Amino acid sequence: MSSHAITCMPARIPIAQMRSVYQVQDVERKLAKLPPQEHEPLRSTYQRMLEKGPDRFQVKPSGLLSLDKLYDELPNFHEVLDDIRRQIALCADSGDALEITPLLLLGPPGVGKTHFARQLAQLLNTGMGFVSMSSLTAGWVLSGASSQWKGARPGKVFEALVDGDYANPVMVIDEIDKAGGEATYDPLGSLYSLLEHDTAGSFVDEFAEVAVDASQVIWVATANEARSIPEPILNRVNVYEVQAPDFEAARRIARRLYEGIRSQHDWGKRFDEAPSEPVLERMAEVAPREMRRAWMTAFGNAKLAGRGTVLCEDLPASSAKRQPIGFMH
């Protein structure tokens, strides 16, 4: 039996206390200074803040969460899970808030980095914000843009805290190594303060210009490699190099996905309870993020052929294969 199975306690219902993420008087002061019939988007933001109030749930486990399911489903993330388990243990059954050091997951496309971030958010049950740096068109997406600019709006951090229900949401910065944005604006500049616990407690969004408490945000960044990530960012995160699952681990992932898809759909009962060994061996060669699509294609092809058994011929021929790992520094 693995060590994590021995030491982890059964999952417990999360508990929540309330935490103020901004000061009402700051919002009232800003609203009072707005000229009449001007800056309507900003006025609407302040009014929304006052209507909703500053208090958000600060959720944490009431005990040491069982991570066995994630250890089993994500065999190539054991090092990350070990570290998260240690940090959860420190605050379990105490009055302390849940604190997780910002994570940076390094690895080639398809090893499951973004899936891991989503699973972590689901496990912690604190909500999730998502920023894809590869599709970033505005450098101020994290920090907001000044209300003086046409079409300006708050940044993702402000939105997650003000419009969301949690003081400690999981914020995923996907493909942080692809951050581009405008040449005159560093899209990662706001992270220098956001990733520091002390300075994050009074983060000022450039649109609303009201300090919000982002000190409890749980940060997960993903990247293919670290070479293009600024050193100040790397100094503020725990870095993990995520390997592709080996053949046996990939085979187990493929089987669990098959069983999961089958059980989640009414049509699944028309198919065999488990796939054959030859099919599993073929699926073990597929990149983890491509497996679900490959299974759905295979189920559809088998159905069209009038079979309840998925055969190798049902799998898509062009599925992405797992690539060997080779990190560049």
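The axes of α5 (residues 78-91) and α6 (residues 113-124) cross at roughly 25° and come within 13 Å; axes are lines fitted to C-alpha atoms, for helices over the stretch in contact, with angles running from 0 to 180 degrees between N-to-C directions. Helices here are DSSP runs of H or I, at least four residues, and strands are runs of E, at least two, numbered from the N terminus.

Please note the provenance: this is a predicted model, in which local features need pLDDT of at least 70 and side-chain atom pairs count only at pLDDT 80 or more, while totals for chains, interfaces and linings use all residues. Residues are numbered from 1 along each chain as its sequence is written, and side-chain values use heavy atoms, with hydrogens and water left out.

Which residues of α5 meet α6? They are V80, L81, I84 and I88, and their partners in α6 are F116, L120 and L124. Contact means heavy atoms within 4.5 Å.

The second pair is α2 and α3, whose axes come within 10 Å and cross at roughly 150°. These two helices are therefore roughly antiparallel, the term for angles over 145 degrees. On the α2 side, V24, V27, E28, K30 and L31 meet R43, Y46, Q47, M49 and L50 of α3.

I turn now to the cores. A nonpolar core is a set of buried Ala, Val, Leu, Ile, Met, Phe, Trp, Tyr and Cys residues joined through side-chain atoms within 4.5 Å; buried means under 20% relative accessible area, with a 1.4 Å probe and protein chains only. The largest such core has 44 residues, and Y46, L104, V157, I176, L191 and W219 have the most contacts inside it. Among the elements giving two or more residues to this core are α2, α3, β3 (103-106) and α7 (156-162). Of these, α7 gives the most, with 5 residues. Leaving aside neighbours within four places in sequence, L104 is in contact with residues including I176, A221, L234 and Y240. Another core, of 26 residues, lies apart from this one and includes L81, I88, A121 and V242.

Finally, consider α11 (residues 247-264). Its buried residues, among them I253, L257 and I261, pack against α4 (68-73), α12 (277-283) and α13 (288-304).

Key:
Buried means under 20% relative accessible area, exposed over 50%, partly exposed in between (1.4 Å probe, protein chains only). Angles under 35 degrees count as roughly parallel, over 145 as roughly antiparallel, 65 to 115 as roughly perpendicular and the rest as oblique.
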